[in-house]
Amino acid sequence: MATAAAALAAGVAPRAAMAATVLRYGNAGGPQSLSNTFNAKLSDTLSERTGGELSFEIFAGTLGGEKDLIESMALGALDIYNGAYTGTDQFDVMYSPYFFKDGVHAKRVLDSEIGATASKALEDKYNARLLGAGRLGGYNLMLKEPIESLADLKGRKVRAPQIKGCIEALSFFGAIPTPIPFNEVYLSLQSGIVDGVLTALNPAVQFKFYEVCANVVVPDFGLALDKEVISVAAWDALGAEKQMILQDTFNELEEEAYFKAGLASKSVDLAAWAAANGDAALIDLDASGLATDIAPLNERMANEAFGDGSWAKMQEISA
């Protein structure tokens, strides 16, 4: 962690002593990715509601990969981290395809005791508080060469984030998961280090992965859940009134500006891929049996992360 924090500290100026609080926020995606446009809106709304006393300084795609960012948040170089990676099994297993029935089911599971257990693991690991999870939309497979079924993934090296659910799911279908930080993906595809990538579609379009990876599989291969995490030190420094405003505003905006915006962006992002590589680049596989096929893996991971019977409890939560 110390190395990551030192590297980031060089690019993040110390907070000035002033009445207004400007929280230093970091995400590995570009400024126009949905995660960061949401947080720009969150910052603007907070500023409006506090008369300029609370806002964010946004570092989007400039301070390294997600692992560096969350570790640096834990050490004080950043105040807020937003991203997929946590390094906790409880959140990481959630990235397996069909771990949730849909985004609505994901929200309800996260609001249950299972979500509370995941939050506690995250907070204990990083001395941080989970503000919430932004439902970004689908994780999708992007491949240099087309496939006709998921069985064709066998033997292909596919970049995966350092997230257990992604790695286990790719291995389940015979692919060779290759963890690479998000900010190194473009060059890894361009140089042939990997044959494809598994990541959220929206930031992949923002970083123009379609220039070096011709095909995208249309059915989702998991759900992207961006954890919005604030260090305990930054949280405690806010005081009760600003804490309430920050938490309530995140909760209020997430439904429309994250979840529904993520759903709406998929058709736009797929259109951008087709514009670059032709309509045939959109691989619309039959995914009707995927939830059933991968259920035994998801059940095992859920029960390992949350205790025996947890998968069954999740299925009882309505979507």
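How exposed is Y98, in terms of relative accessible area? The legends below answer this and describe further close-up views of a predicted model.

**Figure 1. Y98, a residue in the loop between α4 and α5 (103-110).**
Y98 is partly exposed, with a relative accessible area of 34%. The phi of Y98 is near 60°, which is a positive value in a residue other than glycine. Most residues other than glycine have a negative phi.

**Figure 2. N127, a residue in the loop between α6 (113-126) and β4.**
N127 is not a glycine, and its phi is positive, near 50°.

**Figure 3. The buried residues of helix α7 (residues 164-172).**
Four residues of α7 are shown here as buried: G165, C166, A169 and L170. They lie on the same side of α7, because they cover an arc of only 125° around the axis. An α-helix has 3.6 residues a turn, so residues three or four places apart point the same way. Which elements do the buried residues of α7 pack against? Two of the partners are helices, α4 (89-92) and α11 (290-306). The others are strands, namely β4 (128-143), β5 (157-160), β6 (176-179) and β7 (196-200). After α7 comes G174, with a positive phi near 90°.

**Figure 4. The contact of α7 with α11.**
Two packed helices are described by the angle between their axes and the distance between the axes. For α7 and α11, the axes come within 11 Å and cross at roughly 145°. The crossing of α7 past α11 is right-handed. On the α7 side, the residues in contact are K164, G165, E168, A169 and F172. On the α11 side, they are D293, I294, L297, R300, M301 and E304. Sorted by class, this contact has 5 nonpolar, 1 polar and 5 charged residues. Both G165 and A169 also belong to the buried residues of α7.

**Figure 5. Strand β1 (residues 21-27) and its pairing with strand β2 (residues 54-60).**
How many of the 7 residues of β1 are buried? The number is 6, so β1 is largely enclosed by the rest of the structure. Strands β1 and β2 run parallel and are joined by 7 bridges. In one of these pairings, N27 has A60 in β2 as its bridge partner.

How values were computed
Residues numbered from 1 in each chain as written. Predicted model: local features only at pLDDT ≥ 70, side-chain atom pairs only at ≥ 80, totals over all residues. Heavy atoms only, no water. Buried < 20%, exposed > 50% of the residue type's maximum accessible area, 1.4 Å probe, protein only. Arc of directions from axis to C-beta. Contact = heavy atoms within 4.5 Å. Axes fitted to C-alpha atoms, helices over the stretch in contact; angles between N-to-C directions. Left-handed = near helix turned anticlockwise from the far one by under 90°. Nonpolar A, V, L, I, M, F, W, Y, C, P; charged D, E, K, R; others polar. Pairing = 2+ DSSP bridges.
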